[in-house]
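Try each task yourself before you read its solution.

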Amino acid sequence: MAQSVLLTGAMGGVGQAILGGIADDHEWRLLDRDPPTEEQPGEFVVADITDEEAVREAMEGIDVVIHLAGDPRKTAAWESVLPNNIDGTQTVYEAAVDAGVEKVAFASSNHAVGGYETDERTPDMYRTNDEFCLDGTELPRPGNLYGVSKVTGEALGRYYHDEYGISVVNVRIGNLTKGHPPIDYERGQAMWLSYRDCAHLFDRCIRADYDYEIVYGISDNDRKYYSIERAKDVLGYEPRDNSAEHEY
Ligand SMILES: NC(=O)C1=CN([C@@H]2O[C@H](COP(=O)(O)OP(=O)(O)OC[C@H]3O[C@@H](n4cnc5c(N)ncnc54)[C@H](O)[C@@H]3O)[C@@H](O)[C@H]2O)C=CC1
Ligand SMILES: O=C1O[C@H](COP(=O)(O)O)[C@@H](O)[C@H](O)[C@H]1O
C-alpha cells in the first residue's frame, strides 16, 4: 500500500535524489522554505522547519517523515545549526508524535563520527587494505558543530522513540554525488552514495519495520570504512553502485 510521506528539505540534493527514484511509489507532501522552481510530485508546503504551526499542519495524515531540512554545511556556525538543525528537528519530532506518525527517517551525517578520522588513521583508513570500520554502535564523535547538531538529532530520535514509541532510523549519509563518485577525493569515494542507492535506501526506510536504528548511507564501495550490514539486515538495503567501478 502507498504510504503518505512528508519529505522536509525536498528541494535539496538529497530530496531530489529521493524523488528522482521513487516519486511514483508513495504519496508525497513536500516541505521546504524555498518554493519549487518546477513541478514536483504531491502537495508543496513552503515553510520553515522551525515554524511549529506550519509543521503541525504539514504532519496531518502522514505515515512516514523523511526529515532532511537543515543546514548541510560542515562549516556551519552554531547560530545556524541551532535553529535549523536542532530546533527544527525537535519541532518535527514533537509534531510527528502528536500526529501519530509511525516512522521518522532522519538525515544524519558522516560528520557525526568525523572525529574518528584522526591524523594517525588517515589517509590509510580511506583505502581498501585498511580494516578500520565504523558500524553505528560506536560512540558519536563529531568533528565540527554541524556534526554535533547531527548527533543531537540522533539523540532527539532516541528520546522520542523511547518516550512515545515512534520508529526512528538515523541515516548517517556519506557523500551524495550525482552521476559519479567525487573526483580526486579518496575520502569521498569511500563514502560515496549514488543517487539511485540514495532513493532505494530511503524507500527501504519508508517500508521496513524497525524500532530505533543508526545506519550508514553509502553505496557498496570497495573502499569503505562504514559498515552497511545494519542497513542491509534491518532495512533490506541492496545497493547497486560501487565507487571502485567508475573510471576517471
Ligand atoms: N548531501 C550529502 O552528501 C549529505 C547530506 N546530509 C544531510 O541531508 C540533508 C539534506 O542535505 P542536502 O540535500 O545535501 O542539502 P541542501 O542544502 O541541498 O538541501 C537542504 C534543503 O533544506 C532546506 N532547508 C534548510 N533549512 C531549512 C529550514 N530551516 N526550513 C525549511 N527548509 C530548510 C533548503 O531550502 C534546502 O532545499 C541535510 O540535513 C544534510 O545535513 C548528510 C550527509 C551527507
Ligand atoms: O554531511 C555532509 O557530508 C557530505 C560529505 O562530507 P565532506 O566532508 O566529504 O564534504 C557533504 O558533502 C555534505 O554537504 C554534508 O551535508
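**Exercise 1.** List the residues around ligand 2 in this predicted model, then sort the shell into nonpolar, polar and charged.

*Solution.* Start by picking residues with a heavy atom within 4 Å of the ligand. That gives you Pro 72, Lys 74, Ser 109, Asn 110, His 111, Tyr 146, Gly 174, Asn 175, Tyr 185 and Arg 187. Now sort them: the shell has 3 nonpolar, 5 polar and 2 charged residues. Gly counts as polar here, so Gly 174 goes in that group.

**Exercise 2.** Find which atoms of Pro 72, Asn 110 and Asn 175 pair up with oxygen atoms of ligand 2.

*Solution.* Take Pro 72 to begin with: a polar atom of its backbone is 2.6 Å from a ligand 2 oxygen. Next, go to Asn 110, where a polar atom of the side chain sits 3.1 Å from an oxygen of ligand 2. Then check Asn 175: an N or O atom in its side chain is 3.4 Å from a ligand 2 oxygen. As for cover, ligand 2 on its own has 370 Å² of accessible area, and the protein covers 75% of that. Ligand 2 sits in the largest pocket.

**Exercise 3.** Work out why the chain's radius of gyration agrees with a compact globule.

*Solution.* Count the residues: 248. A compact globule of that length would come out near 18 Å, and the chain has 17 Å, so the two agree. For the overall dimensions, the C-alpha trace spans about 50 × 35 × 35 Å along its principal axes. The chain's secondary structure comes to 7 helices and 9 strands.

How values were computed. Residues are numbered from 1 along each chain as its sequence is written. Chains are lettered from A and ligands numbered from 1 in the order in which they are written. This is a predicted model: local features need pLDDT of at least 70, side-chain atom pairs count only at pLDDT 80 or more; totals for chains, interfaces and linings use all residues. Side-chain values use heavy atoms; hydrogens and water are left out. A polar contact is a pair of N or O atoms within 3.5 Å; within protein, one must be able to donate a hydrogen and the other to accept it, and residues adjacent in sequence count only if both atoms are side-chain atoms. Accessible areas come from the Shrake-Rupley method with a 1.4 Å probe; for residues, only the protein chains shown count as cover. On a 1 Å grid over the protein atoms alone, a cavity is a set of points where a 1.4 Å probe fits but cannot get out, and a pocket is an open set with protein on both sides within 12 Å along at least five of seven lines; lining residues have an atom within 4 Å of a point. A molecule sits in a cavity or pocket if more than half of its atoms lie within 2 Å of its grid points. Helices (H or I, at least four residues) and strands (E, at least two) are DSSP runs, numbered from the N terminus. The radius of gyration is taken over C-alpha atoms; the globule rule is 2.2 Å times the number of residues to the power 0.38.
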